[in-house]
Amino acid sequence: MSLLPTRDASEANWIVSAEGPWYVVGTYGPPVFETYARVALHRDDVTAHGYSHHPADDKRILAAVLAVLGDHTSTPDALNVAIWVGFGHSLPRAAHFEIPAREFALLTGTVEDALDPTSLDLEPGAIELPQMIWPHDRAWMVCWDVDEVNNFSVGGSAVAMARLQAADRVSAEIVPYGTPEDDWTW
């Protein structure tokens, strides 16, 4: 299977109508979850401009996160996947939605599909991983702003976030919604 374009972006209305600065909504998702966590991308090779980018590691960490979250939704095989169109691809068959400063194409698929956006047949290397993933029941949400290379956010129940913190191959810190990066402890 592969990610499929949606014809209607109404599944994203709860994100579009979320209150708060766009960069907080784009980084954390809507302020509706019981608990939020930041997940670190393990980087041990610092460059002059920050950390080097390792898409394979990012995919492995996201896969571990989604494996935990899959147990905390009633719709594990029905995910919404948002991809930022600023990568240069308009994905014209997909419905689009916007928050200020960000426009996304909305697709649907499974966890496996979300981990392989290359199934969209775009030019190689154009998209590495989605910026937002949430199940149809909205039990949790993964947000990965396009400007983030060191970590991403997950919102969900306290139980799901505790399991995420305890998961192998995942370095997660529970944080209040909207916590600036300077306040994270890792």
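# Briefing on a predicted protein model

A polar contact of 3.1 Å links the side chain of aspartate 145 to that of arginine 102. The structure is a predicted model, and its protein chain contains five helices and 11 strands. Of the 186 residues in the chain, 49% are buried. The points below begin with the chain as a whole and then turn to particular residues, a helix and the aromatic rings.

**The chain as a whole**

- The protein chain exposes about 8800 Å², and carbon and sulfur atoms supply 51% of that area.
- Among contacts between residues at least 6 apart in sequence, 71% join residues that are at least 24 apart.

- Aspartate 145 belongs to the loop that runs between strand S9 (141–143) and strand S10 (151–156).
- With a relative accessible area of 8%, aspartate 145 is buried, because the cut-off for a buried residue is under 20%.
- When neighbours within four places in sequence are left aside, aspartate 145 is in contact with Gly26, Thr27 and Arg102.
- Arginine 102, the partner of aspartate 145 in the polar contact, also lies over the face of tryptophan 84, at 5.8 Å from the ring centre.

**Glycine 86**

- Glycine 86 is placed in the loop between strand S5 (79–84) and strand S6 (96–99).
- The relative accessibility of glycine 86 is 42%, so this residue counts as partly exposed.
- Glycine 86 and phenylalanine 104 are 18 residues apart along the chain, and their C-alpha atoms are separated by 8.1 Å.

**Valine 111 in helix H4**

- Valine 111 is located in helix H4, which covers residues 111–114.
- Valine 111 has a relative accessibility of 17% and therefore counts as buried.
- Apart from neighbours within four places in sequence, the residues in contact with valine 111 are Leu66, Pro76 and Leu79.
- Between valine 111 and leucine 69 there are 9.9 Å in space, C-alpha to C-alpha, and the two are 42 residues apart in sequence.

**Helix H5**

- Helix H5 spans residues 158–166, and its buried residues are Ala160, Met161 and Leu164.
- Viewed down the axis of H5, these buried residues fall within an arc of 95 degrees, so they line one face of the helix.
- The exposed residues Val159 and Ala166 are carried on the face of H5 turned away from its buried side.

**Aromatic rings**

- Nine aromatic pairs are present in the structure.
- In the pair formed by tryptophan 22 and tyrosine 23, the ring centres are 5.9 Å apart and the planes stand at 85 degrees, so the pair is edge-to-face.
- The edge-to-face label follows because planes over 60 degrees apart are counted in that class.
- Tryptophan 22 is partly exposed, with a relative accessible area of 30%, and tyrosine 23 is also partly exposed, with a value of 48%.
- A cluster linked by ring pairs brings together Trp14, Tyr28, Phe33, Tyr36, Trp134 and Tyr177.
- Tyrosine 28, one of the residues in that cluster, has the charged end of arginine 38 sitting over its ring, 5.4 Å from the ring centre.

Key. Residues are numbered from 1 along each chain as its sequence is written. This is a predicted model: local features need pLDDT of at least 70, side-chain atom pairs count only at pLDDT 80 or more; totals for chains, interfaces and linings use all residues. Side-chain values use heavy atoms; hydrogens and water are left out. Helices (H or I, at least four residues) and strands (E, at least two) are DSSP runs, numbered from the N terminus. Buried means under 20% relative accessible area, exposed over 50%, partly exposed in between (1.4 Å probe, protein chains only). A polar contact is a pair of N or O atoms within 3.5 Å; within protein, one must be able to donate a hydrogen and the other to accept it, and residues adjacent in sequence count only if both atoms are side-chain atoms. Contact means heavy atoms within 4.5 Å. Accessible areas come from the Shrake-Rupley method with a 1.4 Å probe; for residues, only the protein chains shown count as cover. The arc is that of the directions from the helix axis to the C-beta atoms. Rings of Phe, Tyr and Trp (its six-membered ring) pair if their centres lie within 6.5 Å; planes under 30 degrees apart count as stacked, over 60 as edge-to-face and the rest as tilted. A charge sits over a ring if NZ of Lys or CZ of Arg is within 6 Å of the ring centre and within 35 degrees of the ring normal.
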